[in-house]
Amino acid sequence: ALSDQIKSQGAEAAATASKLAPQAGPPAGGTRVSITGNGFNGATKVNFGTLEADHFEFVNDGLVRANSPPTKTTGAVKVSVIYPTTTPANKEVGTFFYYDIVPSHGDSAAPAPVTITGIGLKAANAVEFGTRDAKIRQADDICVAVDPPPGTKSTDVPIIVHFPVASPTSTFVVGQYHYD
């Protein structure tokens, strides 16, 4: 009776899904990602695809944190919690998406439309290039198209996506844009 209850609770805990927060960031890396779930005792690192994360932090059996590593590619990568031995086995805990900005540069006087690809972009309510507002043309869950404002020649500015205050992160730097 009691032992069956304990066994079933253990099985339920083992089945707890892991979650990443946030689930996306820029290719430059450095996004602090919290991974929740269970069974993280003994973990020594986190991998984003084949790349080892920076600043791994074991908090407890249900929480580890790490910074996304820089990458030269964009798109989805599997995130895994890594253990130093074969027991327990490494654990895939979710998917992280590196944002893509196309084009990532443009004419300072009249820049062409820019498409930002990522995840969870449908809720975006504003986009800034540096401190200037960009006009959102369309947005869906994985893409937002914007008209960048004119800028100063030969400068790099962060692209900042704003979300409603109720979102876990109300602003997010998704990358850089260069004014030619």
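Phe-48, Phe-96 and Tyr-98 form one aromatic cluster, where rings of Phe, Tyr and Trp (its six-membered ring) pair if their centres lie within 6.5 Å, and planes under 30 degrees apart count as stacked, over 60 as edge-to-face and the rest as tilted. This is a predicted model, in which local features need pLDDT of at least 70 and side-chain atom pairs count only at pLDDT 80 or more, while totals for chains, interfaces and linings use all residues. Residues are numbered from 1 along each chain as its sequence is written, and side-chain values use heavy atoms, with hydrogens and water left out.

By the ring rule, the count comes to four aromatic pairs. Two of them are set out here.

| Pair | Distance between ring centres | Angle between planes | Class |
|---|---|---|---|
| Phe-129 and Tyr-177 | 5.1 Å | 75° | edge-to-face |
| Tyr-177 and Tyr-179 | 5.1 Å | 75° | edge-to-face |

Because Phe-129 lies in strand β13 (residues 126–129) and Tyr-177 in strand β17 (residues 171–179), their pair ties together parts that are 48 residues apart in sequence; strands here are DSSP runs (E, at least two residues), numbered from the N terminus. Phe-129 and Tyr-177 are both buried, as is Tyr-179, buried meaning under 20% relative accessible area with a 1.4 Å probe, protein chains only.

Eight strands form an open sheet of mixed pairing, in the order β10-β12-β15-β14-β13-β16-β17-β11, and two strands pair if DSSP finds at least two bridges between them. At the edges stand β10 (100–102) and β11 (105–106), each with a single partner strand, so one side of each is left without a neighbour in the sheet. Strand β12 (residues 114–117) pairs with strand β15 (residues 143–147) in the antiparallel sense over four bridges, and Val-114 stands opposite Val-146 in β15.

Key:
Buried < 20%, exposed > 50% of the residue type's maximum accessible area, 1.4 Å probe, protein only.
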